[in-house]
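I opened my notebook for a look through this one. Here is what I looked up, in the order I went.

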Amino acid sequence: MSDRAYQLFEEQQKERGIDLAQVKERLKALKVETPSWGYADQGTRFKTFQKVGVPRNTFEKLEDAAQVHKFTGVCPTVAVHIPWDKVSDYSALKAHAESLGIGIGAVNPNLFQDDDYMLGSVTNSNPAIRRKATEHLLECVEIARTVGSKDLSLWFADGTNYPGQADIRKRVVWMYECLKEMYDAMDDDMRMLIEYKFYEPAFYHTDLADWGMAFNMANKLGPKAEVLVDTGHHPMGTNIEHIVAYLLGEKKLGGFHFNSRKYGDDDLIVGSINPYELFLIFYQILDAERDADPGVAANAARIAYMIDQSHNIEEKIPAMIRSVLNVQTQLAKALLINFDELREAQERQDVLAAENAVRSAFECDVTPLLRAVREEMGVPADPMKAYLASGYAEKIAARGKGGASW
Ligand code: LRH
Ligand code: MN
Ligand code: MN
């Protein structure tokens, strides 16, 4: 790609009324958190394929995540999942991350892999199990404090498989009581990000099944609690960007777990199935950044962008890089929306012109822009090519097979 390609792009965007200096600044400000579990061996309920070179522990997961940051420049933090990432010394984990030029991001409690939680964790009718679950939540607040993280991401597998199995209303109250205890233990600058999912592993009802239930829970808890949207957690056909716009309007959008899906909660590479959906999510976010209400704009500015994907068949580090690049690409495209033109079309009630203002940005090729931005950021113009040529995959092959399974 030559300077000529960028010059041509600049001219085209000037004609469209787009100020590329602002676009570049916004792109440079993007931060995408990657998940520790995305570097581990993962599978389906049918089979987990063991790959060569998979990290054997959380320290090595951080080393792989640092590679993603090194080549993309936009992934300075890594989410951890406890106990998948349980270590004896969290200060040492923090120090290891820092030595690699990254930090620890959201701390995810795990309340779904213990036999005690078969019939629920924070919603279990047995108070001793609810106590155990709450203690784990409190432990995660403490871990967040030690590693210097401000975000706690909560997802509950709690639900039932059969009608009549449990008292749905009581379970809501029990969940609230447990979360309130955690909420009160959190520092004022910490955030509780509440994730929802409509089914799986529970097949009849899930206690936090949709954004409305998560939103209601967050509202009841208070300002430190916000909603986390995992793009794979909705029934097919759901308009996710509408949910995003609504939550932003309510100043309650905490963050994202980006991934792609075709049918279920597939956790595929971000942007691999429906890139237009991701673009439209960014359109809503950029629109909210321009909101006259400073509270809405502030919400848009503090969104935690996280990837939550698992790699069953693909190479993990390149798959993560692909996802990050796809996020960057769709943000870049959304930044090419001429919001003045869009606003005018909306005011004229010109449906086709408004739709065109949005779609025409999606149709632009942002390759020259992204190459220029990366060069200015001091990272390779083609991060994937640079990673593949770096020799890192060959180096970690020495780890052999049989790495961490989460
Ligand atoms: C649940 C989920 C949640 C978990 C992660 C491993 O499907 O999206 O975020 O913590 O997967
Ligand atoms: Mn998730
Ligand atoms: Mn999921």
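How many residues does the largest nonpolar core have, and which of them have the most contacts inside it? I kept in mind that this is a predicted model. The core has 104 residues, and Leu152, Ile194, Ala214, Val227, Val244 and Val324 have the most contacts within it. Helix α11 (residues 316–334) gives the largest share, ten residues.

I then picked Val227 and listed its contacts, leaving aside neighbours within four places in sequence. Val227 touches Ile194, Trp211, Ala214, Phe215, Ala218, Leu247, Lys252, Leu253 and Gly254.

In α7 (residues 211–221), I found Trp211, Ala214, Phe215, Met217 and Ala218 buried. Looking down the axis of α7, I saw its buried residues fall within an arc of 165°, so they line one face of the helix. What do they pack against? My note reads α6 (168–185), β6 (191–195), β8 (225–230) and α8 (240–249). Just after α7, Gly222 has a positive phi of about 130°.

Next I turned to strand β3 (residues 103–109), where six of the seven residues are buried. Strand β2 (residues 77–82) runs parallel to β3, and five bridges join the two. I also noted Thr77 opposite Gly103 of β3.

Last, I checked ligand 1. Which residues are around it? I wrote down Trp37, Asn108, Trp155, Glu195, Lys197, Asp230, His257, Asp265 and Asp308. Sorted by class, this shell has five charged, two polar and two nonpolar residues.

Note on methods. Residues numbered from 1 in each chain as written. Chains lettered and ligands numbered in written order. Predicted model: local features only at pLDDT ≥ 70, side-chain atom pairs only at ≥ 80, totals over all residues. Core = buried A, V, L, I, M, F, W, Y, C linked by C-beta atoms within 7 Å. Buried ≥ 20, exposed ≤ 12 C-beta atoms within 10 Å, placed from the backbone. Helix = DSSP H or I, 4+ residues; strand = E, 2+ residues; numbered from the N terminus. Contact = placed C-beta atoms within 7 Å. Near = placed C-beta within 6 Å. Nonpolar A, V, L, I, M, F, W, Y, C, P; charged D, E, K, R; others polar. Arc of directions from axis to C-beta. Pairing = 2+ DSSP bridges.
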